[in-house]
Amino acid sequence: RTVRERDGRHARVTTRYRIDATLDVARPEDYGFRMVWDTGSREHLDCLRERAEGRGVTLGEGGYVVEATGERRSFAAEPELYAALGLEYVPPELREGAGEVTAARQGTLPGLIEQGDIRGDLHVHTAWSDGSGTVQDMAMAARAMGYEYLAVCDHSRSLHIAHGLSVERLRDQMAEI
């Protein structure tokens, strides 16, 4: 809602919800580089810089520059940058500077948890308290997602604002479940 500061590539804003945010603008051909640069920890980026230097490349805020020729390379997709550095693609969740660059060089990056790995949900609220779905709605949705289990965790009577369950309502809910 309020732009506090801006330059050619960044804008620092405050949203109508009073949340401060920085917006980065990138050309489509530089999008992959910017994503790596903006999502990697300082330690991860230092490891990438070190890897680049060993390959005759300067890697920094300004991009990827081949030292011998001064050529600036663009990367539209994140995997392209890692490939240019002779590395397996490192997903954003692993960009912490905790050995992932070495693992990417060796092809031994760990797999990430994917949606298909999730076997159930251990915290759902139903319409009995502050949720919007009935117990049956929640069970059917869980079944449709292939879940093996679902834990209903509606609020107790101590949280009146969330329609917490009294002992009697909890017994009724248990009977429904």
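# A guided reading of a predicted model

Mentor: Let us begin with S41, which is placed in the loop between α1 (31–39) and α2 (42–53). Helices (H or I, at least four residues) and strands (E, at least two) are DSSP runs, numbered from the N terminus. This is a predicted model, in which local features need pLDDT of at least 70 and side-chain atom pairs count only at pLDDT 80 or more, while totals for chains, interfaces and linings use all residues. Residues are numbered from 1 along each chain as its sequence is written, and side-chain values use heavy atoms, with hydrogens and water left out.

Trainee: Is S41 buried or exposed?

Mentor: Buried means under 20% relative accessible area, exposed over 50%, and partly exposed in between (1.4 Å probe, protein chains only). S41 has 15% relative accessibility and therefore counts as buried.

Trainee: Which residues is S41 in contact with, leaving aside its neighbours within four places in sequence?

Mentor: Contact means heavy atoms within 4.5 Å. With those neighbours set aside, S41 is in contact with R95, E96 and G97. A polar contact is a pair of N or O atoms within 3.5 Å; within protein, one must be able to donate a hydrogen and the other to accept it, and residues adjacent in sequence count only if both atoms are side-chain atoms. Here a polar atom of the S41 side chain lies 3.3 Å from the backbone oxygen of E96.

Trainee: Where does R95 lie?

Mentor: R95 belongs to the loop between α3 (78–84) and α4 (100–106). Its relative accessibility is 0%, so R95 counts as buried. Not counting residues up to four places away in sequence, R95 touches several residues, including S41, H44, Y82 and Y89.

Trainee: How many aromatic pairs does the structure hold?

Mentor: A pair of aromatic rings is described by the distance of the centres and the angle of the planes. Rings of Phe, Tyr and Trp (its six-membered ring) pair if their centres lie within 6.5 Å; planes under 30 degrees apart count as stacked, over 60 as edge-to-face and the rest as tilted. The structure holds three aromatic pairs. In one of them, the ring centres of Y64 and F75 are 5.0 Å apart and the planes stand at 75°, so this pair is edge-to-face. The pair links distant parts of the chain, eleven residues apart: Y64 is in strand β5 (residues 63–66), and F75 is in the loop between β6 (72–73) and α3. Y64 counts as buried at 4% relative accessibility, and F75 counts as buried at 0%. Y82 and Y89 also form an edge-to-face pair, with 5.8 Å centre to centre and 85° between the planes. Y82 is buried at 0% relative accessibility, whereas Y89 is partly exposed at 29%.

Trainee: What is phi near in R18?

Mentor: Most residues other than glycine have a negative phi, and most peptide bonds are trans. In R18, phi is near 65°, a positive value in a residue other than glycine. R18 lies in the loop between β2 (10–14) and β3 (20–24), and R18 is exposed, with a relative accessible area of 75%. H163 is not a glycine, yet H163 has a positive phi of about 60°.

Trainee: How many bridges join strand β1 to β2?

Mentor: Two strands pair if DSSP finds at least two bridges between them. Four bridges join strand β1 (residues 2–6) to β2, and the two run antiparallel. R6 has A11 in β2 as its bridge partner. A hairpin of three residues joins β1 to β2.
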